[in-house]
Amino acid sequence: MDRKQEQAEKARPCGLLKPTALDKITGRFQLHQEALPHLPVPPLQQTLDRYLLALQPIISPEELSHTQELVAEFRKPGGVGERLQKGLERRARKSENWLSDWWLKTAYLEYRLPVVVHSSPGVVLPKQDFLDRQGQLRFAAKLIEGILDFKTMIDNETLPVEYMGGKPLCMNQYYQILSSCRIPGPKRDSIVNYAKGKKQSRHITVVHNFQFFELDVYNADGSPLTAEQLFIQLEKIWSTSLQTNKEPIGILTTNHRNSWAKAYNNLLKDKTNKESVRAIERSICTVCLDAPMPRVSEDIYKSRVAAQMLHGGGSQLNSGNRWFDKTLQFIIAEDGSCGLVYEHAPSEGPPIVALLDHIVEFTKKPEVGKSPTVPLPMPKKLRFNITPEIKNDIETAKQNLNIMVDDLDIKVMVFHHFGKGFPKSEKISPDAFIQLALQLAYYRMYGHACATYESASLRMFRLGRTDTIRSTSVDSLKFVQSMDSPDKSDQEKADLLRKATQAHREYTDMAIRGNAIDRHLLGLKLQAIEDLVSMPEIFMDTAYAVAMHFNLSTSQVPAKTDCVMCFGPVVPDGYGVCYNPMEEHINFAVSAFNSCADTNAARMAHYLEKALLDMRILLQAAPKSKL
């Protein structure tokens, strides 16, 4: 991510949208959205050239020459490539965004693995200093007040527009994250959103001891409840759910999507269950009041919290204290551990982190004014009737989840030696520097480069989501091969380092302007499926499978808060790496699967730390060249 993008990802508000006379009719948000450019379809020849270039560092010369033949066939004038390209261009003319619907379906809604670990990211927040239930509930109350404060900006359409390199960004994702929920389906899931319209959500869901409650968060006059009022309501919830519910109904949401869809239809046959599930789906968000985490030593504490945020620690711990289909779930444990987990389909990380930054700042504010003294109604407990069949579904889900919990290997590393200040002082993009360190760490561990995914924001365009920055390049490979070679001088190595970071910046720039290759190739492939033509050879090629097998799946999610986002690997033998570069340190979360003998999260974190330090030593030893 280059500097411009980094600024945008930090979600710096740059002035509100100026109201105009039209506002009353169309609303500021819609006016803003309509002014944004459409996502372009990149030129076909450009994408094919760049595809061959991206393959160079990750496949053998023999495989590459075979792929070159297939690409030559695909790009012939009047050939299949041109036909599909014209189809894509037609689609782009007729829609707001030629990619967004396709992407939502293929990346999320049709993805059948559980959302837990495989799709939903978590966020680890700094440990809070409360140590008991009183502190837990006071913090939860203040956090809910902060969420409602942010929701007011969304409802009034006064959310400051974000900019990237002087260009306004699409704000649509902010309008999708509250009052929404994923619904399982047998082949494809769907999303419901209750943020707009007459039936607007007025409640949140609170879960404690595996029991779900509907908590109305607005007074009769429409004003949000104060932290004091919310605390009183949370106390009521706490004292009526002291015993753990025997059946953790929420665990059903952790299952494989097809199994969950079957269980969901089963569950909803009962009228009481249906009403309870609908109340969860309609709620603004979920707040999970967790049991304390098992005590662990300081050095593994953050890694354990990351696991808690991603999966809840298993059926014996807090995994039943969730509804994983809910877009936003804030997690607050009795021991001060806290964070969130979110369902990925409606949004990327940056809007979630911007909301989080707002809430964290809000929780630091002192209480203002007196709370209304009106008596508040008892929060409604959501009841479930458990049939033997549902009990069976819960047992199966528990077993499957516990296997996933045991399989996830996650390490949170706080890199203390320097933050983004150092690469900046060397006039290098911090993101490019970190990505290159990842390349070096991987190469030192495995002796070769791999396909690497870094997400790039397409929010410069209307309804834009992401494209891929392919961090493994010809230049990155040249650098990592030279780094431990005795034949190269420090100066040569430093020049190669700078050249590789420059190449990364250029790819990033290209990606955020809609000119990367991954979504374009996906579009051509989906166009072929839609046109019912036989699948072009280029997509049946081994090289394409290698290019799409991301052993390193990475994302920079900067925040003002000293937090870190985390997610699971996207392939069985891969790593998930997320990082938040702060001024003086960098927070990393590295994940892998225990079931793969070749990967190890702590080992990767160790190699990453060494790579960052070695790259700093190298730059300090070699004077800046005229590159």
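Student: Why is His-344 called buried?

Tutor: The relative accessible area of His-344 is 14%, and buried means under 20%, exposed over 50% and partly exposed in between, with a 1.4 Å probe and protein chains only, so His-344 counts as buried. Bear in mind that this is a predicted model, in which local features need pLDDT of at least 70 and side-chain atom pairs count only at pLDDT 80 or more, while totals for chains, interfaces and linings use all residues. Residues are numbered from 1 along each chain as its sequence is written, and side-chain values use heavy atoms, with hydrogens and water left out.

Student: Which residues does His-344 touch, and what makes its pairing with Tyr-108 a polar contact?

Tutor: Not counting residues up to four places away in sequence, His-344 touches Tyr-108, Ser-119, Ser-120, Pro-121 and Arg-465, contact meaning heavy atoms within 4.5 Å. The side chains of His-344 and Tyr-108 make a polar contact at 3.3 Å, and that term requires a pair of N or O atoms within 3.5 Å; within protein, one must be able to donate a hydrogen and the other to accept it, and residues adjacent in sequence count only if both atoms are side-chain atoms. Tyr-108 is itself among the buried residues of helix α7 (residues 100-109), and what covers the buried residues of α7 includes β13 (452-457) and β14 (466-470).

Student: How do you know that Gln-308 is buried?

Tutor: Gln-308, which lies in helix α12 (residues 298-311), has a relative accessible area of 6%, and on that value Gln-308 is buried. A polar contact of 3.2 Å joins the side chains of Gln-308 and Asn-318.

Student: Is Glu-214 buried or partly exposed, and what value decides this?

Tutor: Glu-214, found in strand β7 (residues 211-216), has 23% relative accessibility and therefore counts as partly exposed. Leaving aside neighbours within four places in sequence, Glu-214 is in contact with residues including His-203, Ile-204 and Ala-279.

Student: Why is Asn-255 called buried?

Tutor: The relative accessibility of Asn-255 is 7%, so Asn-255 counts as buried. Asn-255 is found in the loop between α9 (227-239) and α10 (257-267), and the side chain of Asn-255 makes a polar contact with that of Asn-400 at 3.1 Å.

Student: Why are α16 and α21 called oblique to each other?

Tutor: The axes of α16 (residues 430-446) and α21 (residues 601-621) come within 8 Å and cross at roughly 120 degrees; axes are lines fitted to C-alpha atoms, for helices over the stretch in contact, and angles run from 0 to 180 degrees between N-to-C directions. Angles under 35 degrees count as roughly parallel, over 145 as roughly antiparallel, 65 to 115 as roughly perpendicular and the rest as oblique, and α16 and α21 are therefore oblique to each other.

Methods:
Helix = DSSP H or I, 4+ residues; strand = E, 2+ residues; numbered from the N terminus.
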